[in-house]
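Here is a short briefing to read with the model open in your viewer. Have a look at the structure first, and then we will walk through some of its details together.

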Amino acid sequence: MTLTFVRRPPGLQFGGLDVRQLADRAGRTPFFAYDRSAIDIRVRELRNLLPAGMHLHYSIKANPMPAVIHHLAQRVDGFDVASAQEMALALDAGTAPDAIGFAGPGKSHDDLRRAVASGINVHVESETQLRLVTALGWELGVQPSVAIRVNPDFQVGHSGMRMGGGAAPFGVDVDQVPALLRELEAREVALAGFHVFWGSQCLHAATIIKAQRQSADLILRLASGVPRPLRFVNLGGGFGIPYFPGETPLDVKAVCEAMQDWLPPLCERLPGTTPILELGRYLVGEAGIYVCRVIDRKVSRGRTFVVTDGGLHHHLAASGNFGQVLRRNFPVVIGNRPDGVPRERCHVVGCLCTPLDRLADEVELPEAHIGDFVVIMQSGAYGRSASPVRFLSHPEPVEMLV
Ligand SMILES: *Cc1c(COP(=O)(O)O)cnc(C)c1O
């Protein structure tokens, strides 16, 4: 069984509105629309499959729109943040500081000070960070909550973006963990937990299952060197969503069922420790669309170009310039004719003066006319916030949660 509610056409509707109604609501194009009911369905279906006791965190960097965060605050157990602004967004949504984890390879003194002062869990990724955090605890008169982010000693295949297994700026190598534990002891700070993050955008259930087992084993090995009980262990996430032709949705049920093998032994060995799964795009990615308008069409040397008022300045990922090796098309629909039959092969481009500004290459679409809406699906994560919105100084896209 797979959980997916997208690939929505025919009859494209978001938050009960069609694309024209969404455009009226937005007031202008381009815009992003995120469907709260789609987010709800995704979270509910996932929670029904997760074993009892597994906490679910949302990784704010996937989509930091405040309305999305407020919406999710009622539905997940915590947030993972990576900057002072993300910390503030999580706290503003009413989340308890001890349900917020702060990770990142380059945490500034100011960011750490805020995290320690507000009681957020700091996932230290170096000895420097550990020293700073404990010193700030002294200075501020609070016991800092320190977790160690570990650079795993295993590597996974099939993952869109690997983040462990070799040399990495993220986390602390497994063999350096004992030295950090000694340092914490010397500073009389109890370790709050471990954080293992092995990768991202994985659609292959067996790979995730293996990585989770290995993470659990690694955590047990490391925890045996810790004198006091851990409050939590963050096992990473990595659940992907299908973006490109030929990709199939992740079999989440298989992943959750396999948790029954490794989670109970982990909880037995670490009584009172909360296991955490952290997900970003899986929760919001399929719940969002990017909508721009056709402002021109032209033919050059036999090829048809559909020119829109959108582009990579709003949606870098769809242009293929956000870490894609081979450029492939996100799913594209002519929003005002979602049931239209493909009639022409064209290139959908943005409005920027760079050949990088492509939204879809050689795509089969119903003939797109000036004024039509081009909808890019799978745009709820790593859209606006992962794009160079200042490039060429066009207006920012509207964002709305519907
Ligand atoms: C980015 C990130 C995530 C979220 O990744 P997704 O692919 O959006 O699920 C989770 N954890 C950490 C540590 C990250 O850096």
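In what follows, a contact means heavy atoms within 4.5 Å. Please keep in mind that this is a predicted model. The domain assignment of the protein gives two parts, domain 1 (64–279) and domain 2 (286–401). We begin with a lysine and its surroundings, and then turn to the domains, the salt bridges and the backbone.

- K107 sits in the loop between β4 (100–102) and α5 (109–118).
- Is K107 buried or exposed? With a relative accessible area of 9%, K107 is buried, because the cut-off for that class is under 20%.
- Leaving aside residues up to four places away in sequence, K107 touches F102, L112, V122, H123, V124, E125 and Q129.
- A polar atom of the K107 side chain lies 2.8 Å from the backbone oxygen of G104.
- The backbone oxygen of H123 is also placed by a polar atom of the K107 side chain, at 2.6 Å.

**V81 in strand β3**

- V81 belongs to strand β3 (residues 78–81).
- The relative accessible area of V81 is 3%, so this valine counts as buried.
- Beyond residues up to four places away in sequence, V81 touches I60, E86, M87, A90, I100, G101, F102 and A103.
- If you want a distance to check in your viewer, the C-alpha atoms of V81 and V255 are separated by 25 Å, and these residues are 174 apart along the chain.

- The C-alpha centres of domain 1 and domain 2 are 34 Å apart.
- To the contact, domain 1 gives 11 residues and domain 2 gives 11 residues.
- About 1,000 Å² is buried between domain 1 and domain 2, with 68% of it on carbon and sulfur atoms.
- Which three residues supply more of the area that domain 1 buries against domain 2 than any other three? They are M65, Y243 and F244, with 54% of that area.
- Between the domains there is 1 salt bridge, and 1 residue pair is in polar contact, with both residues at pLDDT 80 or more.
- Sorted by class, the side of domain 1 that touches domain 2 has 9 nonpolar, 1 polar and 1 charged residues.

**Salt bridges**

- How many salt bridges does the structure hold? There are 23 salt bridges.
- E247 and R328 form a salt bridge in which the closest N and O atoms are 3.9 Å apart.
- R328 lies in the loop between α11 (316–319) and β15 (332–334), and E247 in the loop between β11 (232–234) and α9 (252–269), so this pair ties together parts that are 81 residues apart in sequence.
- R328 is partly exposed, at a relative accessible area of 37%.
- E362 pairs with R303 in another salt bridge, and here the closest N and O atoms are 2.8 Å apart.
- That pair links distant parts of the chain, with E362 in strand β17 (residues 358–365) and R303 in strand β14 (residues 303–308), 59 residues apart.
- Both partners are partly exposed, E362 at 32% relative accessible area and R303 at 42% relative accessibility.
- E399 and R384 also form a salt bridge, with 3.7 Å between the closest N and O atoms.
- E399 lies in strand β19 (residues 398–401) and R384 in the loop between β18 (373–376) and β19, so the pair ties together parts that are 15 residues apart in sequence.
- E399 counts as partly exposed at 23% relative accessibility, and R384 counts as partly exposed at 28%.
- E127, R131, E183 and R187 are joined in a network of salt bridges.

**Backbone geometry to look at**

- Most residues other than glycine have a negative phi, and most peptide bonds are trans.
- The peptide bond from T29 to P30 is cis, with omega near -5°.
- P30 is placed in the loop between α1 (19–26) and β1 (31–34).
- E362, in strand β17, has a positive phi near 50°.
- L392 is not a glycine, yet its phi is positive, at about 75°.
- You will find L392 in the loop between β18 and β19, partly exposed with a relative accessible area of 33%.

Conventions. Residues are numbered from 1 along each chain as its sequence is written. This is a predicted model: local features need pLDDT of at least 70, side-chain atom pairs count only at pLDDT 80 or more; totals for chains, interfaces and linings use all residues. Side-chain values use heavy atoms; hydrogens and water are left out. Domain bounds come from an automatic or database domain assignment. Buried area is the accessible area (1.4 Å probe) that two parts lose on being put together, summed over both. A salt bridge is a side-chain nitrogen of Lys or Arg within 4 Å of a carboxyl oxygen of Asp or Glu. A polar contact is a pair of N or O atoms within 3.5 Å; within protein, one must be able to donate a hydrogen and the other to accept it, and residues adjacent in sequence count only if both atoms are side-chain atoms. Ala, Val, Leu, Ile, Met, Phe, Trp, Tyr, Cys and Pro count as nonpolar, Asp, Glu, Lys and Arg as charged, and the others, Gly among them, as polar. Helices (H or I, at least four residues) and strands (E, at least two) are DSSP runs, numbered from the N terminus. Buried means under 20% relative accessible area, exposed over 50%, partly exposed in between (1.4 Å probe, protein chains only).
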